[in-house]
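Hello,

Here is the structure I promised to pass on to you. Have a look at it first, and then read on for what turned up in it.

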Amino acid sequence: MIPIQAILVFILMCCVWLYFARLRSKLRDRVIVGALFVAATVFVMHPAMANRLAALAGVGRGADLFFYISIPGLAFALLLLLSRMRDLEQRETLLIRELALLRAEIAPLLRGSGVRET
Amino acid sequence: MTARPALFVVVPVYNEAAVLRSTVAELVSLGYKVVVVDDGSRDEPARALDGLPVTILRHAVNLGQGAALQTGTEFVLRSGADIVVHFDADGQHPAAGISNLIEPILRGEADVAMGSRFLRPGDAQRTPGLRRHLLRAGIQVSWLFTGVRLTDAHNGFRALSRRAAEMIHLRENGFAHATEILGEIRRNRLRVVEVPVTIEYSRYSRRKGQSSWNSLNILVDLILEKLFR
């Protein structure tokens, strides 16, 4: 094993450990992440396999193949993140709206009770 | 609907304290029930409105005009509104024009009345040049996204019957809500009419209003809304 292989496998392991330890996710997502980890580790350890796959796809080198695949992959990840952000924004909006409406509802009650509004 | 419908004017406000009092005072003087939605302003609009008989709702953080309008609309529906009018805080909209705006709703001819600054040549000429061209483009974009074609785009002066206000749910927090409303009108098969209105472009409103670059943000929001509906 050459040093860069050890570094890459270590980084991959850290990423997967962080994912499983810190993020609550669905079983389906865990299976996908696990499979991607195994595939990435295999290609790091056996670069010739990536080159053969690249030749099958009509691309010169394995590194080029992964670069090309990473572009739509990143675009997909970005769209997923945007979708998640919009979902969170919707939830935040609902919470802030309910708070505003609740405040308006209790304001007349607070006025007579001596409790200070903030 | 009762003989005298309960009409509420919803005024979304974000850092408009400089002109807010005069805008709201005019509405109050005409006898309208006013609900101001402070969308997380830093300039304390409640203080500017001190002594005026209005209801103030406050968003804890700034969400955007669309979100403020939805909050105000939900509040006035809970308060028994028969007609809801959306009205800008910056003094651009004519308070005296409300009675004309709501006429088609009162007559039962429409569920939504949209103000348009392009129905009368005099009103159209008041609109600054670049803004006029952007609004023309906006009309086409709104048509493309919603299938509803009006003469004006992104005119915030509008009136909704209770039925329409209950059916329209704004999810676009920012300015893209103006196009989203058209989509909601179509989706719910609401009847819409346009009413000529005069928009006053004061020095303040030109400085404080939407920048032309914001058109791009609106377009991006609309695309995202289509993608992630």
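In chain B, strand β5 (residues 112-116) and strand β6 (residues 158-161) pair in the antiparallel sense over 3 bridges. Two strands are said to pair if DSSP finds at least two bridges between them, and helices (H or I, at least four residues) and strands (E, at least two) are DSSP runs numbered from the N terminus. Opposite Ala113(B) you will find Ala159(B) of β6(B). With strand β7 (residues 192-196) of chain B, β5(B) pairs in the parallel sense over 5 bridges, and there Met114(B) has Glu194(B) as its bridge partner.

Before going further: this is a predicted model, in which local features need pLDDT of at least 70, side-chain atom pairs count only at pLDDT 80 or more, and totals for chains, interfaces and linings use all residues. Residues are numbered from 1 along each chain as its sequence is written, while chains are lettered from A and ligands numbered from 1 in the order in which they are written.

Is β5(B) buried or exposed? Since 5 of its 5 residues are buried, β5(B) is largely enclosed by the rest of the structure. Buried means that 20 or more other C-beta atoms lie within 10 Å of a residue's own, exposed means 12 or fewer, and partly exposed is in between, with C-beta atoms placed from the backbone. Val112(B), Met114(B) and Ser116(B) cover one side, and Ala113(B) and Gly115(B) the other.

Next, the core. The largest nonpolar core has 56 residues, and Val10(B), Val84(B) and Val85(B) touch the most other members. Strand β1 (residues 7-13) of chain B gives the most to this core, with 6 residues. (A nonpolar core is a set of buried Ala, Val, Leu, Ile, Met, Phe, Trp, Tyr and Cys residues joined through C-beta atoms within 7 Å.) Beyond its neighbours within four places in sequence, Val84(B) has contacts that include Phe8(B), Val10(B) and Ala159(B); a contact means that the C-beta atoms, placed from the backbone, lie within 7 Å.

As for chain B as a whole, 44% of its 229 residues count as buried, and its secondary structure comes to 10 helices and 7 strands. Its C-alpha atoms fill a box of roughly 45 × 40 × 40 Å along the principal axes.

Happy exploring!

How values were computed: Contact = placed C-beta atoms within 7 Å.
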